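Here's a short tour of one protein model, written for someone new to reading structures. Keep the 3D view open as you go.

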Amino acid sequence: MTNDLMYYGLKDLKNLTELPKHISFRQKEELKLVVVQFFKPKNKKNKITKKHNFLIERDKLFIEFLWHTGGRVKDICQLRLSSIDIQSRILKLYIHKSNRFLDIPLDSGLILDLTEFCSKYKTDTPFKMTSANAWCSIKKYGSLINLRLHTHMFRHRLAIFILEKGFTIPNIT
């Protein structure tokens, strides 16, 4: 692994501060909490609408998908429930940048959350939004917890996790 780190310009890697900016588990959980707070009515007389409930659930699920898959925003926005083999727990994610499909193993809890969301809102495309809108939402939520967040920080987090598990950088990329 040391040769890989030196090859990719990561020599002298001694602590997490030298790694690319990434999002921690605590920050991910804070983001999900702030999504709820963002849509919470400011006036006690007002109630959370069905539209607000949809947006809260969608954005929390979107954050989870970024966290678990390390997928690019554009690719996650195009995700369909039908692209998941529920039996084998594999997501067949279309990667626009390389024009190919990538098989990504998913946690059964994440699959359950997605299927319940799609069933509740009768949709096969849970994250149907532009990547620009998704990026703005993530950035807005990050600013609410004083985190200068960009969506690639989720990809960095997954890459660092895989690197710590002993995979080599060429295998991660």
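Let's begin with Tyr121: in this predicted model, Tyr121 has a relative accessibility of 23%, and because buried means under 20% and exposed means over 50%, Tyr121 counts as partly exposed.

| Aromatic pair | Centre to centre | Angle between planes | Type |
|---|---|---|---|
| Phe54 and Tyr121 | 5.0 Å | 80° | edge-to-face |
| Phe117 and Tyr121 | 4.9 Å | 50° | tilted |

The pair of Phe54 and Tyr121 ties together distant parts of the chain. Phe54 belongs to helix α3 (residues 50–69), while Tyr121 is in the loop between α5 (108–120) and α6 (131–144), 67 residues away. Altogether, the structure holds nine aromatic pairs. Elsewhere, Phe38, Phe39 and Tyr141 make up one aromatic cluster.

Now for α5 itself. This helix has 13 residues and spans 18 Å from its first C-alpha to its last, close to the expected 18 Å. Just past the helix, Lys122 has a positive phi of about 50°.

Which residues of α5 are buried? They are Leu110, Ile111, Leu114, Phe117 and Cys118. Looking down the helix axis, you'd find these buried residues within an arc of 130°, so they line one face of α5. Here's the background: an α-helix has 3.6 residues a turn, so residues three or four places apart point the same way. The face of α5 turned away from the buried side carries Ser119 and Lys120, which are exposed. And what covers the buried residues of α5? The cover includes α3 and β1 (84–85).

Last stop, the largest nonpolar core, which has 39 residues. Leu114 of α5 is among the residues with the most contacts inside this core, along with Leu31, Phe62, Phe65, Phe127 and Phe154. The elements that give two or more residues to the core include α5, α6 and α7 (152–164), but α3 gives the most, with eight residues. As for Phe154, if you skip its neighbours within four places in sequence, its contacts include Ile23, Leu31, Ile63 and Trp67.

Methods:
Residues are numbered from 1 along each chain as its sequence is written. This is a predicted model: local features need pLDDT of at least 70, side-chain atom pairs count only at pLDDT 80 or more; totals for chains, interfaces and linings use all residues. Side-chain values use heavy atoms; hydrogens and water are left out. Rings of Phe, Tyr and Trp (its six-membered ring) pair if their centres lie within 6.5 Å; planes under 30 degrees apart count as stacked, over 60 as edge-to-face and the rest as tilted. Helices (H or I, at least four residues) and strands (E, at least two) are DSSP runs, numbered from the N terminus. Buried means under 20% relative accessible area, exposed over 50%, partly exposed in between (1.4 Å probe, protein chains only). The expected span of a helix is 1.5 Å times one less than its number of residues. The arc is that of the directions from the helix axis to the C-beta atoms. Contact means heavy atoms within 4.5 Å. A nonpolar core is a set of buried Ala, Val, Leu, Ile, Met, Phe, Trp, Tyr and Cys residues joined through side-chain atoms within 4.5 Å.
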